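Let's go through some structural labels and ask where each one comes from. Have the picture open while you read.

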Amino acid sequence: MKKAVIIGSGISGLSCAISCAEKGIKSILVSPFVSERSQSVLAAGGINAAFDSFNEGDSIESHIEDTLKGGRYIAGKKAVTGLCKSAPDIVNWLESLGTLFTRNDKGNPDQRAFGGQSHKRTCFCGASTGKQIVSSLVMEARKYESLGLIERRLWCDFYAALIDDGICYGGIIYNEASLSLEIIYADALVMAVGGQNTLFGKTTGSTMCDGFAAGKLFTQGVELKNLEFIQYHPTTIETAQKKMLVSEAVRGEGGRLYYLKDGKRVYFMEERFGKDGNLMPRDVVSRCIYECKRDVFLDISFLGEDQIDKRIPEVRDLCKKYINLDISKESIKVSPSVHFFMGGIAVGLNHESSIKRLYAIGECASIYHGANRLGGNSLLAAIYSGKIAANDIENSTAFASKDGLFKAFFEDENKNLAKMFKSDSKFPVMYVRSLLAESMNKNLAISRNEQALKAGIEDISYYLSVADKIKYDSSVLAYFNYSVGGILTLAKAILLSANERKESRGAHFRSDYPVECDDFKAASVVSYNGGDIKVRFDKEGQYEV
Amino acid sequence: MKFKILRQKAPNTKPYYETFDYDGPMDSSVAGALDYINYKDDIVNDKGQASSRISWECSCLQAMCGSCAMVINNKPALACETFLKDLKEINTIEPLKKFMTVCDLVVDRSIIAENLLKANVYKTGEVKVSKKDYENQYTIAKCLKCGLCLEVCPNYTKGNKFYGASFANDCYLIHTTSKSDEKELKAEFDKHFAASCSKSLSCMDVCPMNLPTLASIARMSRNKAN
């Protein structure tokens, strides 16, 4: 029986594990905690599929065009076509698993408007779509767990991939319970580890998504792509513990953005872009809010209590609980905050990385979204990518044992870890992580320029120079210690990519190069060679065609 | 404000209380306070002695993932939605006691999923859609599997064959959304829930998602009568 190791048990990991199981491929599903803790449960808004339930002429072609346009035309048309074509089937598949979509009068999944889309195309489950999908996928995975086709490995973190001569033979995981490394050989290693949140400290997402896996794999020869494209979600609320997302569903349901001038409301998005201005793509809205340079508010109170409780009850609860504000009576003060990473592990149409048999799916893979992701496309891509990777694993040749080959590597890594446990220096690990977040927030803000980016590169280069001399902190998980080097390397690659893209496109805005420029109409690809990081522009469409 | 925290270095070591002073923002939650105490690199307890970071599990920080379930002033709750303004001057924080402590406030709740797996609570038939049940189903599918209902339950103890409210709710979800083998599911529900639930309903008082557990029990029991 073929075997896949899947790192991460959120929606993309579950989708891949279930799809593998359906094909008789066994998966080892590795995650420190259960799926209910994954970032996927935070996805609020919905999942796009061109059903055209309103008979307004929506089509797969229109979904493709909106996605390419939203991504400022650097995503691959063939890739995006595959994604959008499969969307209706994916929603039907989720329904068949018992996902509780909000339904219209005909009993079909209802659809709402979302940013950057020409039609009402986003299917949803109230404002807890991600959580509802996780619940149904967990149930389905449980069926295959009972059949022995999915084996969960909790309390385990990713450590490294087993790579020889451009081929991956499995991975090394760190078991936080036994405090030891473990080697797992497999026909495929699938990364489903989510975004790179903790590079920026606390974002709208989970504190568990940190980018380490992408950074570590990068140092092992895996190419990364489009790292400079980081989505700032336009509407988040500031609370004492984090920035919390106010779902795009609020604007989908008619929510209006404004600021106050001489006591009067200025609906700046509508003034600039017409009546649908509030539903411009996220990059545009975030930048417009940033340019206002004053407090911006989101009003949905006119929808009325009944409709608010029916369509977006979770948003009302969230605001009541964390900022003591009733959205059926008052406007919400909002600001943009880091939310999604379009960049990540470079993958081809089959979701394989630059290393054979090493796959990346979900947010950690860079594909489909180009320079800016449309709301409702991430849940779609998470599920689709899991299925595509499973298909490819099914069709690839079986694994040839290479047990002896990684013996020395495994022993070395054990020694490195033992050395880390004993390390002592003046650089505490959590301190380095906070400094990193501070520098990234400052130098990779919504508006960037060469001076800031270079300052960031200088900061990170220094932290990297001390990364293997950090003081081991036994009061946090071993993972927090050993992951620092990978995270810092990723941060540097992001800054270098942002510096090389001397134009403004989608989520990447350069105040020193404010115009979109055809010379850069391509994905950026970054590679690592013994500490040397190189950025190139993939004009030939090596990964995404 | 002070936090008296029940700490434990590793699963088989002796737990001990250690108290920390908190001088951070008061509009925060217990989660925010733990973060604040942990932020510094030279953490000291209220006696000024050098200490170490307090381990606690956290992911979403907005009551959607169930990570930070713990016992705050003897009440099981999520740290991220227990606000400091509602607390006392000296507060006790302990790990959930019905589960094995891994480290400080981190516990191993794998048993929740293991029990559901043991009792085969999953869909075996086609999905069925019910307009009538939708609202309850939708709410119940939001179960965080945080374990607060088990912590507070007078009938639930580790290793016992009684699986508690989170189990009953998942049974309801399968029962009403799929054309599964009713008999088998009913037998599991009877064995692992109905036989031992004394209906204190304390589970409903602490549930962060306000799950209508009573409705689940009623529905599953009605099924039994049929």
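Q: How do you know what handedness the crossing of H5(B) and H6(B) has?
A: The crossing of H5(B) and H6(B) is left-handed. That word is used if the near helix is turned anticlockwise from the far one by less than a right angle, and right-handed goes with clockwise. As for the ground rules, this is a predicted model, where local features need pLDDT of at least 70, side-chain atom pairs count only at pLDDT 80 or more, and totals for chains, interfaces and linings use all residues. Residues are numbered from 1 along each chain as its sequence is written, chains are lettered from A and ligands numbered from 1 in the order in which they are written, and side-chain values use heavy atoms, leaving out hydrogens and water.

Q: What makes H5(B) roughly antiparallel to H6(B)?
A: Helix H5 (residues 165–177) and helix H6 (residues 182–194) of chain B pack at about 165°, with axes 10 Å apart. So H5(B) counts as roughly antiparallel to H6(B), given these cut-offs: under 35 degrees is roughly parallel, over 145 roughly antiparallel, 65 to 115 roughly perpendicular and the rest oblique.

Q: Which residues of H5(B) and H6(B) meet?
A: Ala165(B), Phe167(B), Ala168(B), Cys171(B), Ile174(B) and His175(B) in H5(B) touch Glu182(B), Leu185(B), Glu188(B), Phe189(B), His192(B) and Phe193(B) in H6(B). Contact here means heavy atoms within 4.5 Å. The contact of H5(B) with H6(B) splits into 8 nonpolar, 2 polar and 2 charged residues. Ala, Val, Leu, Ile, Met, Phe, Trp, Tyr, Cys and Pro count as nonpolar, Asp, Glu, Lys and Arg as charged, and the others, Gly among them, as polar.

Q: Why is H3(A) called roughly perpendicular to H11(A)?
A: The axes of helix H3 (residues 77–96) and helix H11 (residues 377–395) of chain A come within 10 Å and cross at roughly 95°. That angle makes H3(A) roughly perpendicular to H11(A). Their contact has 9 nonpolar, 2 polar and 1 charged residues.

Q: What handedness does the crossing of H1(A) and H11(A) have?
A: The crossing of H1(A) and H11(A) is right-handed. Helix H1 (residues 11–22) of chain A and H11(A) have axes that come within 8 Å and cross at roughly 35°. Sorted by class, the contact of H1(A) with H11(A) has 9 nonpolar, 5 polar and 1 charged residues.

Methods. Axes are lines fitted to C-alpha atoms, for helices over the stretch in contact, and angles run from 0 to 180 degrees between N-to-C directions. Helices (H or I, at least four residues) and strands (E, at least two) are DSSP runs, numbered from the N terminus.
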